[in-house]
Amino acid sequence: LGYVEWITDGEAGFLCLWIGADWQGRGFGRRLVAMACDLATGRGLQPLFTAALDDNHRSLAALRAGGFADLPLRALPPDHDRVFLVHGEQVREPAAAVRRLVSFSDAMQTGLAFAPSLAPSR
């Protein structure tokens, strides 16, 4: 059917979601996003992030319906085809959310590269 999981640094969380092709379009993604966000928020994870490929319209729709909003951030190639999103209170502070996502990505050693101006200060 699919899966949902959180990757966390102890404070922030990054949602990973996948629904098998045979099960897409049935509302499972939206329900999994809602369930995962409720669980993460209940455990104090803040902020909540995720990403989806530009052309994955079903995933993006499920994430946006679940309260995620697009961030003004792009990774460098080869990961430049992703939309990064944030959930909850951080939606109102996109610049702070971008900085936190870049810091999270660096700390978790995701391998994502962002423009040098977005690199965390040391």
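Okay, surface first: the chain exposes about 7100 Å², and carbon and sulfur atoms supply 53% of that. Keep in mind that this is a predicted model. On the charge side, there are 12 positive and 13 negative side chains, and the centres of those two sets sit 4 Å apart.

Now, what's inside? Buried residues account for 35% of the 122 in the chain. As for overall size, a compact globule with 122 residues would have a radius of gyration near 14 Å, and our chain has 14 Å, so the two agree.

On to the fold. You can count three helices and five strands, and if you walk along the sequence they come in the order β-β-α-β-α-β-β-α. How much of the contact set joins residues at least 24 apart? Taking contacts between residues at least 6 apart in sequence, it's 56%.

Last topic, the aromatics. Searching the whole structure turns up five aromatic pairs. Take Trp-23 and Phe-28: their ring centres are 6.0 Å apart and the planes meet at 70°, so that pair is edge-to-face. The cut-off there is over 60 degrees. Buried would need under 20%. Elsewhere on the aromatic list, Phe-14, Phe-49 and Phe-104 come together as one aromatic cluster.

Note on methods. Residues are numbered from 1 along each chain as its sequence is written. This is a predicted model: local features need pLDDT of at least 70, side-chain atom pairs count only at pLDDT 80 or more; totals for chains, interfaces and linings use all residues. Side-chain values use heavy atoms; hydrogens and water are left out. Rings of Phe, Tyr and Trp (its six-membered ring) pair if their centres lie within 6.5 Å; planes under 30 degrees apart count as stacked, over 60 as edge-to-face and the rest as tilted. Helices (H or I, at least four residues) and strands (E, at least two) are DSSP runs, numbered from the N terminus. The radius of gyration is taken over C-alpha atoms; the globule rule is 2.2 Å times the number of residues to the power 0.38. Buried means under 20% relative accessible area, exposed over 50%, partly exposed in between (1.4 Å probe, protein chains only). Contact means heavy atoms within 4.5 Å. Accessible areas come from the Shrake-Rupley method with a 1.4 Å probe; for residues, only the protein chains shown count as cover. Lys and Arg count as positive and Asp and Glu as negative; His and the chain ends are not counted. The place of a charge is taken as NZ of Lys, CZ of Arg, CG of Asp or CD of Glu.
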